[in-house]
Every structure is written in structure tokens, then in C-alpha cells.
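Please read it alongside the sequence and the model.

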Amino acid sequence: MNNNEKGFVLVFVIAVVAALSLMTASMNFYYDNALKSTTRNSVYQQVKLASESGVQAAKNWLLTEMNKDQFSLLDIQNTSHIDNSNNQCLNRHGYTDNTKDIHFTKWIKGNLGTDSKFAGIQYEVFIQRYADNIRSLYFGGFGPGGASDGLGESRSGAYVRKFKDFPEDQFTVEMWVYNDKDDVNYNMHAWEYGRYWDVVLKVINNDSYDHKYSPRIGAYELTSTDPANNLNVVRKQWTHLAWVWDGGSATGNTRIYQNGMLTGTWDASFNNSDTTFGTSATGANLLPNQNTDGDTSVDYLPLVIGNGLNGFDEGTTGDTVTTAKNNGVEFQGVPWLGNITEVRIWSNSRTQSNIADNYRTRLTGSEPNLISYYKFNEGSGSTVNDNATKADADKNHLTVMGLSLTGDNQTKWQTTFAKYPLVTDHDTAPSINVPPGEDVAYYRILSCGRGPEGQLIPLESIVSAPVVKGDIGTEGEVATVTADYGFTSTTVPNTVEFSFYNDGSSNSIYMDDEDSIDITNIPSGWTVNQSFDGNSTPLRITPQTGITMDQFKAGLTNVFYKSCGKEHDCSSNPETYTPGIRRIKVDLNYTNPALNETHGFTKNLQAREKVILTPVSWRIR
């Protein structure tokens with residue numbers, strides 16, 4: 001090789017080395033542990049990485065919130081807002097109307113990293129509660145059978161032939177309804193229990209009633225205490241109704257709440273021993289729990305939701321016959337037109353705050369005084385399940401009528417996608433009033449990566465999260481049911497004591513300052529002599545004299561087990577609750593100690609499952 005060739009090679013090598021050095025310097029490959037070794041080689045890629053980091057920060061925040069000890073899906077709502085004309089990120093996501101406010105639940109800002117190589121690379125992200133899935137049953141009308149023959153196949157509604165333990169001293173019945181009726185004159189049944197005119201909630205519109213609620217008990221159409229306060233019924237939108245009856249005959253002892261607000265009061269001037277509590281289809285007076293043949297031993301009567309009852313006869317045909325008529329139930333054919341879901345039947349008169357605080361929250365089924373609980377979320381089939389926590393034999397499952405009908409009269413399972421308000425006029429608070437969502441909720445993440453020169457790259461992601469399962473329920477309460485009290489004695493004791501006990505097994509758990517036993521809505525004539533304080537001072541109750549053993553057991557269902565977590569109102573506020581089986585001891589004490597009896601049963605407190613987010617969509621705008 002001559003000198004010229006050597007010189008050319010040297011120059012070429014130097015040029016290649018210089019070019020490689022320049023390329024390496026310009027590519028700027030970075031390594032970041034927090035981003036799992038992601039590499040970026042341009043400002044664009046770094047800004048995109050920042051936007052992705054914002055999405056991940058939003059997911060981390062959601063997971064932290066939803067995995068708290070006492071999380072409810074309603075806890076994350078769009079409670080903040082910003083004028084979108086002042087935010088470039090929201091503008092890039094399509095919000096450009098400066099007369100509107102954009103609502104969100106969380107606004108997060110951050111830097112891509114602390115390394116100097118990421119100087120000026122930032123992200124900001126907005127988290128919005130996006131939508132819920134609402135399931136319900138649509139009631140349409142009656143079919144070819146007309147309004148007179150009472151056959152279940154030609155009716156729209158859902159009924160239970162033998163409803164057990166319907167409360168007779170006081171009650172609260174809650175339900176979500178969608179009133180879809182347009183006619184000027186109509187007469188719709190939301191629900192009815194018993195025989196003819198036992199307990200009825202109707203909505204009526206004609207010259208006399210002007211679209212009002214019409215609660216009735218027995219032969220009485222109740223008198224409104226304050227007619228001016230009997231507000232018009234909401235139509236063409238979801239509405240929560242709660243009918244509360246205090247029992248007795250006091251003025252204003254019947255109230256209806258609409259979306260947690262009092263809409264009217266009525267007087268039910270009778271009591272459950274009045275012979276006009278219920279009537280037969282012919283108008284004859286009946287005692288409570290008495291059939292048309294005079295049998296007073298029956299402790300069940302029919303309940304129908306979305307229709308009315310035209311009479312009841314125990315009959316002799318048995319329950320194997322498929323039609324409702326041959327099972328002793330006839331329907332009036334004045335069905336609810338629209339949707340019904342989330343029906344709750346309680347054996348106590350709930351307060352306005354009880355109703356307002358919980359009507360958009362799904363129950364666990366174990367709440368004290370909850371008799372039956374229908375979510376109406378099955379989505380298919382002819383059964384609406386009773387989700388109250390009690391023995392299967394005591395549950396009141398509903399049978400759906402009218403699924404085989406056609407056209408507008410058909411009963412249909414429906415699922416609707418209810419979106420939360422994301423945009424409103426200035427100074428207008430967003431509102432949504434829909435039933436509790438199905439077992440998944442949707443959250444929208446609006447993220448933007450921002451470069452040192454103001455470059456923006458927007459990313460949008462919608463994620464879904466399941467309802468937390470295995471939670472210990474409202475205020476950590478687990479109700480007791482009559483099946484828990486398997487006493488051998490048929491005589492009511494003088495006193496009864498509740499405490500925890502240990503049978504030597506590893507599952508016998510009792511945590512100081514965490515577990516307790518309590519009683520609510522003490523029956524009339526009963527007394528509680530001592531509050532529970534560990535095993536040394538049990539909960540001691542004296543029942544009313546002269547009651548039967550069945551009445552005694554029913555009264556004991558007001559006793560409940562409570563576990564205190566850090567979100568509960570407990571004296572020591574422990575950091576968490578301990579899942580496991582709690583064993584409860586019940587001592588029956590008689591004047592004659594030889595008759596004393598001890599009975600035990602268990603209540604299981606389940607551990608929570610962790611929430612996992614599922615991506616629904618992801619896009620760059």
C-alpha cells in the first residue's frame with residue numbers, strides 16, 4: 001500500500017469514527033429503572049414517554065384509592081373542575097369551548113424523571129369518573145289474556161308466591177324506577193304485597209290525582225298530611241323511591257322519599273291488629289296472615305313488583321302448577337310501564353339520612369333488618385334472586401312474568417350505559433342520579449406529555465375496575481338471621497346473653513377493640529341491660545313477656561356482629577380488621593336454672609380482594 005492509499009484509509013477511519021460519535025451523541029439512549037428499561041431517542045419519544053407515565057400515575061392513584069379498607073365505587077366522583085380555555089392539555093383532548101367547565105376527580109402533574117437528561121419533560125393527567133353499567137328489568141304491559149283472567153303468562157311483572165317474613169310492625173321498601181308512561185290517564189303499580197289492597201304503592205294520574213304517589217295499606221287509600229308537599233312524580237329519568245311506614249297510628253307515620261328527599265307524608269291510622277288491614281277480593285275483612293278460607297296459620301302471602309294483585313286464595317292445587325293463577329295468585333293487569341331495579345325490603349323504618357347516604361351504594365346483603373334484596377342484575381332468565389344473607393330456604397326469589405310476550409308488552413332485561421357529566425356550563429355542578437352500577441365502573445384518563453419547548457402529546461385511556469368483593473359491608477356489620485338461633489327450648493327465656501366463645505380451634509378469632517356485638521331497632525317492650533364489652537360483660541337482653549318463641553327469634557335478628565376497621569367509628573381505630581370466623585355464644589337464662597341453655601353459631605368476616613384495573617381503550621389524539 002502506497003502512502004496515498006494509507007492516507008486515504010486513515011482519513012476514512014477518522015471520518016467513520018467521527019460520524020459514529022456524532023450519531024451516538026445525537027441519539028441519546030437513556031435507561032430508567034422506573035420505566036422498565038424503556039429507551040427513547042428523540043424529544044418526541046421522551047414527550048410520548050411522559051404522556052405514558054402520566055397514564056401510569058393515574059392508574060396508580062386509582063388503584064391506591066380503590067384498595068383502601070372501605071372503598072365504595074361512589075368515592076371517586078367528578079368533584080373538581082377547570083375552565084378548559086385555560087388548559088392546553090384539555091384543549092388537545094378536544095375540550096375547546098371556553099363557556100364550559102371540564103369536571104374531573106384528580107389532577108396529577110409530574111416530571112418524567114430527575115435525571116438531567118429529562119430536563120423540561122413533564123406530564124399532567126386528569127382522571128374522570130366516566131360511566132357505569134346499569135342493569136334492570138323493563139315492564140311493558142299485559143298480553144292476549146287481557147286484564148281479567150290473572151294468568152302470569154300474560155302479565156308483565158315479577159312475583160314470589162310465598163313471601164316469608166314480610167314486616168308487619170313497620171317497614172321500608174326502596175326501589176329504583178324509570179317511569180316511561182306518557183298517557184294522560186293511567187294507574188300503575190310499582191309493587192303490592194298480600195291479598196286485595198294489603199300494601200300497595202301506586203302512581204296515579206287523572207283529574208283527581210294529578211300524577212301523584214298513592215300509598216295504600218289495607219282498604220285505606222292513605223290521607224296526605226301535607227298535600228302541598230306531595231311532589232309530582234319524576235318521569236323519563238331514573239328515580240329512587242323509599243316508602244317508610246313507622247307503624248302504629250301517629251299522624252304522618254308514612255313517608256315517601258324521592259332521591260333521598262322527602263316528597264310527601266301520609267297518615268296510616270290503623271295498626272297491624274286492625275281487621276281491615278287486608279281484604280279479600282270480595283271485600284271481606286281479613287286478619288293479617290289470614291287466607292280467604294280463614295286459615296290464620298299461614299305466615300306467607302304473595303308479593304309482586306311491577307304489577308298489582310287482584311286477589312289471593314291458598315287453594316289446594318299446590319305449587320307444581322306453572323301458572324300464577326292456579327297457585328292462588330291473580331294479577332290486576334295494571335303494570336308499571338318502565339324499568340325497576342335495586343329493590344330493598346327492610347323490617348324497620350329507616351331515617352332520611354339512612355336512605356340518602358346509601359341509595360346509590362350497592363348493599364352486601366348482610367345489613368341488619370334487611371328482609372329481601374333484589375339487584376335485578378341477572379340479565380337473563382326468569383328468576384330475580386333474593387340477595388339478602390340468610391338461609392336458602394328463607395329467601396324470597398322472584399319469578400319473572402311476560403318474557404314470552406312480544407312488542408311493547410314484553411318484559412325485558414336491559415343494560416344501559418350511564419355516563420357521568422364531564423362538561424357543564426360555568427358554575428353548574430354536574431349531577432348524575434342512576435342506580436348502583438353493575439360490578440364494574442369506568443374511569444377515563446386524559447394525559448399529556450409536555451416538552452421543553454411546550455410540545456404536547458395527548459394520550460387517552462379508559463380503564464374499568466370491579467366492585468370490591470369480600471368487603472365487610474356497611475359499617476362492618478354482619479346481620480344475624482332466625483336460622484342462627486337453633487334453640488332446643490320452645491319456651492322464651494327471661495334473659496338472653498351474647499358473647500364470643502372459643503372452642504379451641506384455630507378459627508376462633510376475637511380481636512380486642514376490633515370486634516363487637518350490638519343491637520339496633522330494639523323491639524317494643526324489650527330492654528338491653530348492658531352493652532357488650534368483650535367476653536366479661538356480654539350483651540344482655542330482656543325480651544317482652546308473653547311473646548312466642550318465633551317472635552323471640554325474630555326479635556333477635558336485630559342483633560348483629562360488627563368488626564371495626566380504620567374507617568369505622570371505633571374507640572381505638574385499629575389499622576385494619578382481621579378476616580376469619582367469629583364464634584358467638586348465646587346463653588338463655590330462665591328463672592329455673594335447670595332450663596338454662598347455651599347455643600353457639602359462627603359469622604364469617606371475609607377478606608377483601610384487591611382491585612385490578614383492566615384497560616378498555618388507549619389512543620393518541
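Ile102 is buried, at a relative accessible area of 1%; buried means under 20% relative accessible area, exposed over 50% and partly exposed in between, with a 1.4 Å probe and protein chains only. This is a predicted model, in which local features need pLDDT of at least 70 and side-chain atom pairs count only at pLDDT 80 or more, while totals for chains, interfaces and linings use all residues. Residues are numbered from 1 along each chain as its sequence is written, and side-chain values use heavy atoms, with hydrogens and water left out.

- Ile102 lies in strand β2; strands are DSSP runs of E with at least two residues, numbered from the N terminus.
- Beyond four places in sequence, the contacts of Ile102 (heavy atoms within 4.5 Å) include Ser80, Ile82, Leu90, Tyr95 and Leu422.
- Ile82 is 20 residues from Ile102 along the chain, and their C-alpha atoms are 5.4 Å apart.

**The sheet**
- An open, antiparallel sheet of three strands runs in the order β1-β2-β25; strands pair if DSSP finds at least two bridges between them.
- β1 (80-83) and β25 (423-425) are the edge strands, each pairing on one side only.
- Three bridges join β2 (residues 100-104) to β25, and Ile102 stands opposite Val423.

**Nonpolar cores**
- The largest nonpolar core has 42 residues, and Trp191 and Tyr374 have the most contacts inside it; a core is a set of buried Ala, Val, Leu, Ile, Met, Phe, Trp, Tyr and Cys residues joined through side-chain atoms within 4.5 Å.
- A second, separate core has 27 residues, among them Val55, Ala57, Leu62 and Leu112.

Technical notes:
Helices (H or I, at least four residues) and strands (E, at least two) are DSSP runs, numbered from the N terminus.
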